[in-house]
Amino acid sequence: MAEQQFTRKLKSRHIQLMALGGTIGTGLFLGSGKAIRAAGPAILLAYLITGIICFGIMRALGELLLSDLKYHSFMDAIRDYLGNRVSFVMGWAYWVCWLALAMAEITAIGLYFQLWFPTVPQWVPGLVTLVILLGLNLMTVSTFGELEFWFALIKILAIIILIVIGAILVGVHFHSASGYVATPANLINNGGFFATGTKGFMLSFQMVVFAFVGIEMVGVTAAEAEKPKIVIPKAINGIPVRIMLFYIGALAVIMCIYPWSKLSPNNSPFVLVFRDIGLPGAASIVNFVVITAAASACNSSLYTTGRMLAELTSTAHRPEIRKIGRLSKRSVPATAILISAVVIGIAAILNLVMPEGVFTFVSSIATTSFLFIWGAIILAHIRYIRQHSDKRTFKMPGAPFTDYVILIFLLVVLGVLCMEKQTLIALLLTLGWFAILTVASFTQKKE
């Protein structure tokens, strides 16, 4: 792949909406009820803290990418500053992470469609969606960018509408059908702001971090960004603030309308809000948005896994493996995208024999892996600062001190994963997977 060049067709609006949309998905639309029940109103503080940490990760990532415009992705920076073996481990782990998340998303699409077509087998909608997205990804990268732009826009508009409607309901002290009054006092009236105590607050970080997974996707668009010195800083500086606004704004409104303790951990609070104000077809509206969110995540997965597989195979010793990374006439890694899609498609077959819970578990393993990938980005940034302290551009604020703060946060979240049985098992399996990749990494040249 070294002799080939990606085309720089991704505009600023593409990259900003891709990264923003990639982190606003089912974790917000469906999973926020569970997050709220874990921490109560303090979930807002958990999102704020994690958002600030993710902004630091993004700034470190941006500084690495802009230090060398020849980088195809942040994995090139990891290779330069942490070595071939670490890059090998993180690269393959990242590829598998996105595959696992995509498998869970196409499974979810099948479940969502059953609201409208209960007799259609669960595996059919997901597989059809995957085939359509594959065809679009095999076209030019600008086609992918446009599709992801509109996917993300639908989700963002849905959140904005919720916030506006919610603010109006709070302003008029709306009485719900269940007899609750919409008021900001609901944030402290039911047990206080930290209603579930320190443990509940800490346990919520596992779900909150999951909501931000994918924010580093900007680091995979480096080789295809138009005017990267302008586009990447603009995208990075804008995305974290917007994500915090959408998450904190939407959840604050929801908890003002309903007492947090009355929200179901198994259902979307978005559905509850739209239903209770008497909006016709509320369930179908939210279902459409959630399907869009899942399709968007799958679309991002195809893009990311295709580019990562192309990069991972481009330095292979065997020429037949290096061919996987070659670009098509449309300047996309078609073979790598196709292989990734086939692996993701296995999920459709597994839906015939495996329960939904398996994919939830696989997703938790993938999410755990992202903590290590984010950590590798920060470690690479620390090494970069030590080697190029006099040549830095787009500097990360407060570095390297802020780098160490981020690493401490990631270690704390790993500790939180040890507090619950399911997440502890996921953590142990993730460590086992990394151990296997580490052994395999010894086949790589030490550089």
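## Salt bridges, cysteines and a surface patch

Being three residues apart in helix α5 (residues 74-82), Asp76 and Arg79 are separated by about one helical turn. The model discussed here is predicted. In this model Asp76 and Arg79 form a salt bridge, and their closest N and O atoms are 2.8 Å apart. Asp76 is buried, at a relative accessible area of 11%.

Arg79 has another partner: its side chain also meets that of Glu311 in a salt bridge, at 3.9 Å from N to O. Glu311 is part of helix α12 (residues 282-313) while Arg79 belongs to helix α5, so this pair ties together parts of the chain that are 232 residues apart in sequence. Glu311 counts as buried, with 4% relative accessibility. Through shared partners, the salt bridges join Asp76, Arg79 and Glu311 into one network.

In total, the structure holds three salt bridges. One of them is formed by the side chains of Arg392 and Glu63, with 2.5 Å from N to O. This pair links distant parts of the chain, 329 residues apart. Arg392 is found in the loop between α15 (356-387) and α16 (401-417), and Glu63 in helix α4 (residues 43-66). Arg392 is buried, with a relative accessible area of 16%. Glu63 is buried too, with a value of 0%.

| Residue | Partner | Distance, N to O |
|---|---|---|
| Arg392 | Glu63 | 2.5 Å |
| Asp76 | Arg79 | 2.8 Å |
| Glu311 | Arg79 | 3.9 Å |

Next come the cysteines. A search of the whole structure finds zero disulfides. Cys298 has a relative accessibility of 0% and counts as buried. Cys418 is partly exposed, with a relative accessible area of 42%.

The surface also carries a nonpolar patch, formed by Leu157, Ile160, Ile161, Val164, Ile168 and Val172. Together these residues have about 530 Å² of accessible area. Val172, one of the patch residues, is placed in the loop between α8 (141-171) and α9 (197-212). Val172 counts as exposed because its relative accessibility is 56%, and exposed means over 50%.

Note on methods. Residues are numbered from 1 along each chain as its sequence is written. This is a predicted model: local features need pLDDT of at least 70, side-chain atom pairs count only at pLDDT 80 or more; totals for chains, interfaces and linings use all residues. Side-chain values use heavy atoms; hydrogens and water are left out. A salt bridge is a side-chain nitrogen of Lys or Arg within 4 Å of a carboxyl oxygen of Asp or Glu. Helices (H or I, at least four residues) and strands (E, at least two) are DSSP runs, numbered from the N terminus. Buried means under 20% relative accessible area, exposed over 50%, partly exposed in between (1.4 Å probe, protein chains only). A disulfide is a pair of cysteine sulfur atoms within 2.5 Å. Patches are made of residues with over 30% relative accessible area and no salt bridge: like charges are joined within 9 Å, nonpolar side chains (Val, Leu, Ile, Met, Phe, Trp, Tyr) within 5 Å. Accessible areas come from the Shrake-Rupley method with a 1.4 Å probe; for residues, only the protein chains shown count as cover.
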